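Please guide me through this structure, with attention to the surroundings of the ligand and to the sheet.

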Amino acid sequence: MKNTSFLSECGKLLSFAKPYWRQMAIAIGCMVLYTAANGIQISLIKPVIDKLVSGELTTATTTALPAIDIDPQTDLKKNTRSPLSEFKKNTLNKFSFIGKLRERMTRSFTSIGIVIAILAPVIFFTSYFQQYYRNFVRWAVVVNIRNKVCDHLLPQPLSFFENRKSGDLLSRLTNDVAVTQAGLKVLFDEVLFLPMQLICGLVLAFYFSWKLSLFSLIIFPVVFIPAVLIGKKIKRHGKGSLRHLSELTDAFREIFAGIRIVKSFRMEDEERREIHFIGERFLRRTLKMVKAKSLNSSTNEFIYAVGLAAMVILGGYVVMSHQITPGELGGFITAIGFMVITSVKKIAKSYTGLQESLAGANRVFELFNIESNIKDSPDAVTLEKIEEGIFFNNVSFSYEGKKEHVLKNICLNIQKGEVIAIVGESGAGKSTLVNLISRFYDPTEGSIAIDGIDLRRIKRESLLSHMALVTQQTFLFNRSLYENILYGRRDATMEEIQHAAKAANIHEFILSLPETYDTIVGEMGVKLSGGQRQRIAIARAILKNASILLLDEATSSLDYESEKLVQDALNNLIAGKTTIIVAHRLSTIQHCDRIIVMKQGQIVETGSHASLIHDDGEYKRVYQLHSNALHT
Ligand SMILES: Nc1ncnc2c1ncn2[C@@H]1O[C@H](COP(=O)(O)OP(=O)(O)OP(=O)(O)O)[C@@H](O)[C@H]1O
């Protein structure tokens, strides 16, 4: 991924919030009101302290104070008025109603209490709505990111998933999105809100004492320098730590998926050691990040403590020399302490927190940068129905990143309705050839066409709607039998599903189960036998009623009893369809219209079973080997 700047990465993250701009606007509006209400409360501290110091304020003071100059220590400050206090006085004189209002508001404890009480519901509602909508947008963005990743990944070609660890993808979608979510919390809670609080605090601080405020400004750059320097480190270690976490997720996923093998080979200790080893690496990297974060926050604490000490000394000096009143110092310290320093502290922390989250966001965004190399061409057409057949025109193919061709100069015509078997030694390229028909991959050289139209010019969706695939490793979802068969055609009725199940020889078995079609099959269909799984997959294909059938080793792992049931089901499925069968068991394909024999990526023989036996070539050799194996 390109090394993008901090701001553009934040912008990218925020762009996912676009659909929720209304909720964001409400949240920001409420933040402004909430901050203003808090600011007013803090501004009431000065008159309270000043009047307490002067002994002037009682619970029921009735004496009206001068409308504008409510400062009881005016005399003390007569000779030391700052340009700012002159400005304040002149401004307030111009808007004398503000002065009057303030005078009324601060006349007694009771009136101050009333003002605070009036502000309470404002603070309640603005606090509630800003929190609710900020979090609403945050969680909606997280869901939006996951949806977009899913939308982007699912259309990727098979090779994309083959070349990646599924644990890594899962980790990006879970752990990395969770870290990104933490970054969104920082963005919405702090980056948006804190500057408002900071500005409000600064306005108040300047209002109370411009000299002390100017001094406090020095602290800002001092706080941000370590944050920026350490932030980069945090991002780097954060990304490394997420990478190890994804390795960990992948290792767990593999162990759980292959738990039978792990147990049968008694590899528990090995696997445990491997997990501990990756866990150690993850911990080491995470601790480096934790170290950097701790250094940043303790450096900040140190700077604040030194700044506070300086502020107390300076504050004491300016009060003692009557440059400001104790009330102004009280107001200043509250504004600086509660609004400015808190905000600066949190902003500095947010910056490093954001860097950590951007490490996660980067890993998620990397997925968006992956372009699919199997796309519909702009002039792609919809394939309504198949009239002629499938034609391989001098096709060669090599897998991504490999030079050697696994299919070489394949020329093959498969007529509509023909049943073709592909046989040959292991690794000859049989499955690869079938995978090219369903366009899981595109040929490296040459072309494949249906009815004369290059597959690359047929909309993928319409191409796949004409095909049904039954493989040896049947995949069933951990859902009901009904839903698993329905996968073949989402709009099928229960009657059609039962009809397909009957044709696949699985209906009787399903009815014998206590929950019949509602039975949950377990992960990958573990609660069913191999033959039952195959027949469910065949029912799915029958329901789809596609005109091209691709059967890859569909019966090779079954015992004789299951094979017979599956073979009968397959015969029902095949009737009238263009069928390509990849088979190892030559006994099951003798009645096919044509048998294609492959060797090292090439077609070496073609013909019927009888003609190939007669030819005395590769097929006969394999057939004899097969027969001998069956009879020994
Ligand atoms: N996804 C892949 N990436 C890279 N190479 C692959 C991939 N799938 C298969 N191959 C290689 O391509 C060659 C052909 O494999 P293919 O699965 O098509 O053979 P096959 O004839 O179906 O074998 P078998 O009968 O053992 O299933 C093999 O050498 C295999 O190692």
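In what follows, Ala, Val, Leu, Ile, Met, Phe, Trp, Tyr, Cys and Pro count as nonpolar, Asp, Glu, Lys and Arg as charged, and the others, Gly among them, as polar. The model is a predicted one, in which local features need pLDDT of at least 70 and side-chain atom pairs count only at pLDDT 80 or more, whereas totals for chains, interfaces and linings use all residues. Residues are numbered from 1 along each chain as its sequence is written.

The pLDDT, the predictor's confidence in each residue from 0 to 100, averages 80 over the protein, and 87% of the residues score at least 70. For the complex, the predictor gives an ipTM of 0.96 and a pTM of 0.64.

Around the ligand, the shell (C-beta atoms, placed from the backbone, within 6 Å) includes Glu 162, Tyr 399 and Lys 430. Its residues divide into three nonpolar, six polar and two charged. Helix 16 (residues 430-437) supplies the largest share, three residues; helices (H or I, at least four residues) and strands (E, at least two) are DSSP runs, numbered from the N terminus.

An open sheet of mixed pairing is formed by six strands in the order 6-7-8-3-9-10, where strands pair if DSSP finds at least two bridges between them. Strand 6 (467-471) and strand 10 (602-607) stand at the edges with a single partner strand each, so one side of each is left without a neighbour in the sheet. Strand 6 and strand 7 (residues 548-552) run parallel and are joined by five bridges; Met 467 has Ile 548 of strand 7 as its bridge partner.
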